[in-house]
Amino acid sequence: MTYVLAIDIGGTKLAAALVDEEGSVLRSGTRPTPRTDVMSALRALIEEVTEDGPSPEAVGIGCAGPLDLAAGTVSPVNMPTWRGFPLRDEVRKLTGLPTVLAGDAQCFALGEHWLGAGRDSTALLGIVVSTGIGGGLVIDGMPLLGPTGNAGHVGHMSIDPSGERCECGGRGCVERYSSGPNLARWALDNGWSPAPGQADARALAEAAAAGDPVAVAAFERGARALAGMIASTAAAVEITTVVIGGGVSGAGKVLFDPLERMLDDVAGLAFVRAVRVHQSTLGVHAALAGAARLATLHA
């Protein structure tokens, strides 16, 4: 049996697992992401997962970005001590194993393709809709990473060149319309009145499910932006499957029903209309599964 070490790194949590080639987890562990000296915490986590176990043959890492795949460096927005940090080389030195790096959303897509809602799709787009919006493409079973590792960064596709200015500096980005904070921001600006301390996307989803018209309109607006992005990606890459995860996907029908209607409205060509959209089945485990798959592809 061949094992690999999978690592998922985010601003709040570090996760690692020893995984076999079928995707079964032998051992796993998590730790909070410290504000400083993240590598010490990661080193301890790796030791915990691998000690007295079978030796892994490779390491796959999914990490929040931005990243530079050519250099193997990462600069996660919510990890201020890592700027241009040589993560791939540091883990390679620590483990002595071949080490492969990709973005966390790319690993989400790869995990869903391998074990989840996008299993065996020939052309898949995975989308993480949360505080921001990330994405990844899996074509013919292989992740499409791009020269610097940022392919599939669909959250910053422009669906309205005359639209709102995004935090990234662009204009009309999907993230500005469909991410959790931006859904809530628009709703608040347009008369939504949540209970004190409850002005977030989760509360907005509950309000929409209860029929609050502003909350419903916020999700319809966000769904239209997502639909425009999905249709554009399908036209460019001919994806057949979309899997959506992240915290906002937990809204369920409040998000997916208007998304289906909006996609039917904006999609024209037959191969674009043929795209099927699914909710994640792996949830928070998708990125770790994808990191494992990334390693098995290079083991």
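Trainee: Which strands does helix α1 lie across?

Mentor: In this predicted model, helix α1, residues 38–50, lies across β1 (3–9), β2 and β3. Its direction is at about 155 degrees to that of β3.

Trainee: Which strands does helix α10 lie across?

Mentor: Helix α10, formed by residues 286–298, lies across β1, β2, β4 and β7. The angle to β1 is about 135 degrees.

Trainee: In what order do the strands of the sheet follow one another?

Mentor: As a general idea, strands of a sheet pair through backbone hydrogen bonds, in either a parallel or an antiparallel sense. Here the sheet is open, has five strands in the order β3-β2-β1-β4-β7, and shows mixed pairing. Strands β3 and β7 (99–103) are at the edges, each pairing on one side only. From one strand to the next, the twist averages 15 degrees.

Trainee: How many bridges join β2 to β3, and do the strands run parallel or antiparallel?

Mentor: Strand β2 (residues 13–20) and strand β3 (residues 25–32) run antiparallel and are joined by seven bridges. One of the pairs places Leu14 with Arg31 of β3 as its bridge partner. The two strands form a hairpin with four residues between them. In the turn, Gly23 has a positive phi of about 95 degrees.

Trainee: In which sense do β4 and β7 pair?

Mentor: Strand β4, residues 59–63, pairs with β7 in the parallel sense, over five bridges. Within this part of the sheet, Ile61 stands opposite Leu101 in β7.

Conventions:
Residues are numbered from 1 along each chain as its sequence is written. This is a predicted model: local features need pLDDT of at least 70, side-chain atom pairs count only at pLDDT 80 or more; totals for chains, interfaces and linings use all residues. Side-chain values use heavy atoms; hydrogens and water are left out. Two strands pair if DSSP finds at least two bridges between them. Axes are lines fitted to C-alpha atoms, for helices over the stretch in contact, and angles run from 0 to 180 degrees between N-to-C directions. Contact means heavy atoms within 4.5 Å.
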